[in-house]
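Subject: Structure for you to look at

Hi,

Here is the structure I promised to pass on. Could you open it beside this note and tell me what you think?

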Amino acid sequence: MQAQAPDRDGRLPGERDRDDRPSEERGRQVHDGREAGRQVHDGQDPEPRPGDEQEPRRGRPRSAAAERSILDAVVGLLEAGEPLAGLSIERIARTAGVGKATIYRRWAGKEELFVDVLCEIEPPEPEVSGTGGLDDLRVLLESMRTRGLAQRSSVLLHNVFAQMKSHPKLWTEYQRTVIAPRRVAMLAAVGRAVEAGELRGDTDVELMDDLFLGPMLVRTIHRPEAPLPEDLADRIIGLLVEGLGPRSAAAGSGEDAGHG
């Protein structure tokens, strides 16, 4: 029986049905497979193909564009008059044009997402030196004043904060992630002022912090009609550092103490 000659691709006739594609196409597939293998070996993912899943996988860096779309979607819905209670993850995802899994990869739930939204629409947190005492305290108090002004002038901020009070989980999360760090920063500034000799060292630091914080909280939250002048932070600090007692009486008591 005569042996059959292989074709121009080196295949015997019985092998031709296994892969009838042109050799250059098969070569591309081999090359692509090897390239994908190299990418995986190098710690990279192979290039996605049309129709492949485009969602970022766990462990990858977050997509800034996706996060921006989600935050903007929540703000847009709130501006349109949607109440916090009516905003579901499904509704937010649909508005942002992403999947629900994209949201849950970034936030554990609505409370965490809403806190980030609030941080987006509030004035940014101030930058302090971390070395100053009264100077840093002044910066932090001024930030409170500007936030108070923003809440008065922004219907959105006013409405969101009003609704937050009726959502205990959201309010607790906001207290934990936003308010608590602000208080820590204030206490640290007061402590540095004590160390620098700008404040008395024989008084409880937390009490002094409350004394500085209290007037600004009253003006910004408890008395929304009260004025918030530009020099309010300086006036609060100056008054507390100088003391509230009448100067003449203080001088007289000092003299009496000296004679005693």
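A word on burial before anything else: a residue is called buried when its relative accessible area is under 20%, exposed when that value is over 50%, and partly exposed in between, using a 1.4 Å probe and protein chains only. Please keep in mind that this is a predicted model, in which local features need a pLDDT of at least 70 and side-chain atom pairs count only at pLDDT 80 or more, while totals for chains, interfaces and linings use all residues. Residues are numbered from 1 along each chain as its sequence is written, and side-chain values use heavy atoms, with hydrogens and water left out.

**Confidence**

The pLDDT is the predictor's confidence in each residue, on a scale from 0 to 100. Its mean over the chain is 79, and 71% of the residues reach 70 or more. Residues 8-61 have a pLDDT below 50, and this stretch has 34 contacts in the model beyond near neighbours in sequence; a contact here means heavy atoms within 4.5 Å.

**Overall picture**

The chain has eleven helices and zero strands. Both are DSSP runs numbered from the N terminus, with helices being H or I of at least four residues and strands being E of at least two. Of the 260 residues in the chain, 28% are buried. The accessible surface comes to about 16,800 Å², and 53% of that belongs to carbon and sulfur atoms; these areas come from the Shrake-Rupley method with a 1.4 Å probe, and for residues only the protein chains shown count as cover. Among contacts between residues at least 6 apart in sequence, 57% join residues at least 24 apart.

**Helix α3**

Have a look at α3 (residues 89-96), where Ile 89, Ile 92, Ala 93 and Ala 96 are buried. These residues cover an arc of only 100° around the axis, which puts them on the same side of α3. The arc is that of the directions from the helix axis to the C-beta atoms. The buried residues of α3 pack against α2, α4 and α5. Just after α3, Gly 97 takes a positive phi of about 75°.

**Salt bridges**

The structure holds 17 salt bridges, each being a side-chain nitrogen of Lys or Arg within 4 Å of a carboxyl oxygen of Asp or Glu.

One of them joins the side chains of Glu 67 and Arg 106, at 3.8 Å from N to O. Glu 67 lies in helix α2 (residues 64-79) and Arg 106 in the loop between α4 (100-104) and α5 (110-121), so the pair ties together parts that are 39 residues apart in sequence. Glu 67 is buried at 18% relative accessible area, and Arg 106 is buried at 8%.

Helix α6 (residues 134-153) holds both partners of another pair, Arg 138 and Asp 135, which sit three residues apart, about one turn of the helix. Their side chains meet in a salt bridge at 3.1 Å, N to O. Arg 138 is partly exposed, with a relative accessible area of 27%, whereas Asp 135 is exposed at 52%.

The side chains of Asp 136 and Arg 192 form a salt bridge at 2.8 Å, N to O. This pair links distant parts of the chain, with Asp 136 in helix α6 and Arg 192 in helix α8 (residues 168-195), 56 residues apart. Arg 192 is buried, with a relative accessible area of 18%, and Asp 136 is buried too. The side chain of Arg 192 also reaches the backbone oxygen of Gly 132 at 2.6 Å. Leaving aside neighbours within four places in sequence, Arg 192 is in contact with Gly 130, Thr 131, Gly 132, Gly 133 and Asp 136.

There is a network as well: salt bridges link Arg 183, Glu 206, Asp 209 and Asp 210.

**Glu 120**

Glu 120 is in helix α5 and is partly exposed, with a relative accessible area of 41%. Leaving aside neighbours within four places in sequence, Glu 120 is in contact with Arg 68 and Leu 71.

Best wishes

Terms used
A polar contact is a pair of N or O atoms within 3.5 Å; within protein, one must be able to donate a hydrogen and the other to accept it, and residues adjacent in sequence count only if both atoms are side-chain atoms.
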